[in-house]
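Please look through the model that follows with its sequence alongside.

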Amino acid sequence: MTDKTIDLDQHRGMAAQKATELRRMLAEVEANEQSLRLRQDELETQLIAAPAMNWHDAAEKARYLLNRFAATPSGQDPRRQKLIAAVLADFTRLSLEN
């Protein structure tokens with residue numbers, strides 16, 4: 001027996017190596033997506049837990065929702081994208097005035 005490990009990927013053909021790498025990347029992406037969903041659920045639980053204490057907090061909640069909506073197929077409509085950008089710009093401008 002030896003303590004030296006063998007890199008089996010080097011003994012496979014290029015197609016098999018690519019397929020293995022793709023499977024590994026896919027598994028990593030799926031794990032990251034699951035982690036992101038859990039973090040989003042935690043954030044949304046926090047946002048729901050208490051009412052906004054001021055306009056800035058309310059705007060942050062709305063900003064989060066608008067960004068989530070912008071990522072949906074319905075939110076990808078160019079007119080809606082312009083409207084979302086305008087509302088987000090309004091939030092930024094108005095928060096600087098206070």
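A residue is called buried under 20% relative accessible area, exposed over 50% and partly exposed in between, with a 1.4 Å probe and protein chains only. By that definition E44, with a relative accessible area of 27%, is partly exposed. The model is a predicted one, in which local features need pLDDT of at least 70 and side-chain atom pairs count only at pLDDT 80 or more, while totals for chains, interfaces and linings use all residues. Residues are numbered from 1 along each chain as its sequence is written, and side-chain values use heavy atoms, with hydrogens and water left out.

The protein has three helices and zero strands, which follow one another along the sequence as α-α-α; helices (H or I, at least four residues) and strands (E, at least two) are DSSP runs, numbered from the N terminus. E44 lies in helix α1, residues 14–49. Leaving aside neighbours within four places in sequence, E44 is in contact (heavy atoms within 4.5 Å) with Y64 and R68. E44 and Y64 are 20 residues apart in sequence, and their C-alpha atoms are 9.3 Å apart in space.

How do two packed helices come to be described? The angle between their axes and the distance between the axes are used. Here the axes of α1 and α2 come within 11 Å and cross at roughly 145°, where axes are lines fitted to C-alpha atoms, for helices over the stretch in contact, and angles run from 0 to 180 degrees between N-to-C directions. The contact is made by Q40, L43, E44 and L47 on the α1 side and by K61, Y64 and R68 on the α2 side.

Helix α2, residues 55–70, also holds R63, which counts as buried because its relative accessibility is 19%. The side chains of R63 and E60 are joined by a polar contact of 3.3 Å; such a contact is a pair of N or O atoms within 3.5 Å, of which, within protein, one must be able to donate a hydrogen and the other to accept it, and residues adjacent in sequence count only if both atoms are side-chain atoms. Apart from neighbours within four places in sequence, R63 is in contact with L88, F91 and T92.

At the start of α3, a side-chain oxygen of D77 comes within 3.0 Å of the backbone nitrogen of R79. For the protein as a whole, buried residues make up 9% of the 98 residues.
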